[in-house]
Amino acid sequence: MAEAEECIELKFRIYDGTDIAHSNYVPSTTVATLKQRLVTEWPQDKSIVPKSVSDIKLIHAGKVLENSKTLSESRVHFGDLPGGVITMHVVVQPPVAKKKTDSNFGRTLSFFSTQFWDNADKSKEEMPKQTCSCTIL
């Protein structure tokens with residue numbers, strides 16, 4: 001008789017702090033299987049909803065987990081916390097539609113020429129400010 005695999009209790013925290021898919025998983029479960037479960041159990045009332053497995057990234061211990069690896073291959077520590085629950089963080093990042101261009105230079109030139117011609121008739125005060133923001137989950 002085969003020895004039963006030790007299960008680990010996992011929960012997945014999404015961007016707003018909600019936990020989903022809280023359950024026990026075996027070490028041979030692949031990351032892709034976990035992501036598929038997350039897609040099917042994702043709360044539909046959220047503003048961001050993944051459409052496929054490729055829209056989701058799972059983060060454990062500061063590392064993004066690969067779809068093709070199992071939990072044990074991803075070094076998710078089983079039994080480190082007796083009776084404890086491991087929380088993995090879920091990031092939804094829909095694929096970005098890429099425009100076809102010949103090179104990076106063409107994309108850069110296209111961006112700057114568009115910015116220049118769109119703002120050519122505006123004074124310095126009227127031009128939009130270039131801003132950048134980051135969100136750390």
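Biologist: Is Tyr25 buried or exposed?

Modeller: Happy to start there, and please keep in mind that this is a predicted model. A residue counts as buried when its relative accessible area is under 20%. Tyr25 has a relative accessible area of 7%, so Tyr25 is buried.

Biologist: Which kind of aromatic pair do Phe12 and Tyr25 make?

Modeller: The structure holds one aromatic pair. A pair of aromatic rings is described by the distance of the centres and the angle of the planes. For Phe12 and Tyr25 the centres are 6.0 Å apart and the planes stand at 80°. Planes over 60 degrees apart count as edge-to-face, so this pair is edge-to-face.

Biologist: How many residues apart in sequence are the parts that this pair ties together?

Modeller: Phe12 is buried, at 0% relative accessibility, and Phe12 lies in strand E1. Tyr25 belongs to strand E2, so the pair ties together parts whose separation in sequence is 13 residues.

Biologist: Let's step back to the overall fold. In what order do the elements run from the N terminus on?

Modeller: The protein chain has two helices and five strands. Reading from the N terminus on, the elements run β-β-α-β-β-β-α.

Biologist: Which strands stand at the edges of the sheet?

Modeller: The five strands form an open sheet with mixed pairing, in the order E2-E1-E5-E3-E4. A strand with a single partner has one side left without a neighbour in the sheet, so the edge strands are E2 and E4 (63-64).

Biologist: And which residue in E5 stands opposite Leu58?

Modeller: Strand E3 (residues 56-60) and strand E5 (residues 86-92) run antiparallel, joined by four bridges. Across from Leu58, the residue in E5 is Val90.

Biologist: What angle does the direction of helix H1 make with that of E3?

Modeller: Helix H1 (residues 31-41) packs on the sheet, where it touches E1, E2, E3 and E5. Between the direction of H1 and that of E3, the angle is about 120°.

Biologist: Now for Tyr15. Which residues is Tyr15 in contact with, leaving aside its neighbours within four places in sequence?

Modeller: Tyr15 is found in the loop between strand E1 (8-13) and strand E2 (19-25). Tyr15 has a relative accessible area of 31%, so it counts as partly exposed. With those neighbours left aside, the contacts of Tyr15 are Trp42, Lys46, Ser47, Ile48 and Val90.

Biologist: How far is the backbone nitrogen of Ile48 from a polar atom of the side chain of Tyr15?

Modeller: The Tyr15 side chain has a polar atom that lies 3.3 Å from the backbone nitrogen of Ser47. For the backbone nitrogen of Ile48, the distance to a polar atom of the Tyr15 side chain is 3.4 Å.

Biologist: Which residues do salt bridges that share partners join into one network?

Modeller: The structure holds five salt bridges. One of them joins the side chains of Arg13 and Asp19, at 2.8 Å, N to O, and another forms between Lys69 and Glu66, with the closest N and O atoms 3.9 Å apart. The network made by shared partners consists of Lys11, Arg13 and Asp19.

Biologist: One more: is Lys51 buried or exposed?

Modeller: Lys51 lies in the loop between H1 and E3, and its C-alpha atom is separated by 7.0 Å from that of Val39, twelve residues apart along the chain. The relative accessibility of Lys51 is 74%, and over 50% counts as exposed. So the word for Lys51 is exposed.

Terms used:
Residues numbered from 1 in each chain as written. Predicted model: local features only at pLDDT ≥ 70, side-chain atom pairs only at ≥ 80, totals over all residues. Heavy atoms only, no water. Buried < 20%, exposed > 50% of the residue type's maximum accessible area, 1.4 Å probe, protein only. Contact = heavy atoms within 4.5 Å. Polar contact = N/O pair within 3.5 Å; in protein donor to acceptor, adjacent residues only side chain to side chain. Pairing = 2+ DSSP bridges. Axes fitted to C-alpha atoms, helices over the stretch in contact; angles between N-to-C directions. Phe/Tyr/Trp six-rings, centres within 6.5 Å; stacked < 30°, edge-to-face > 60°. Salt bridge = Lys/Arg side-chain N within 4 Å of Asp/Glu carboxyl O.
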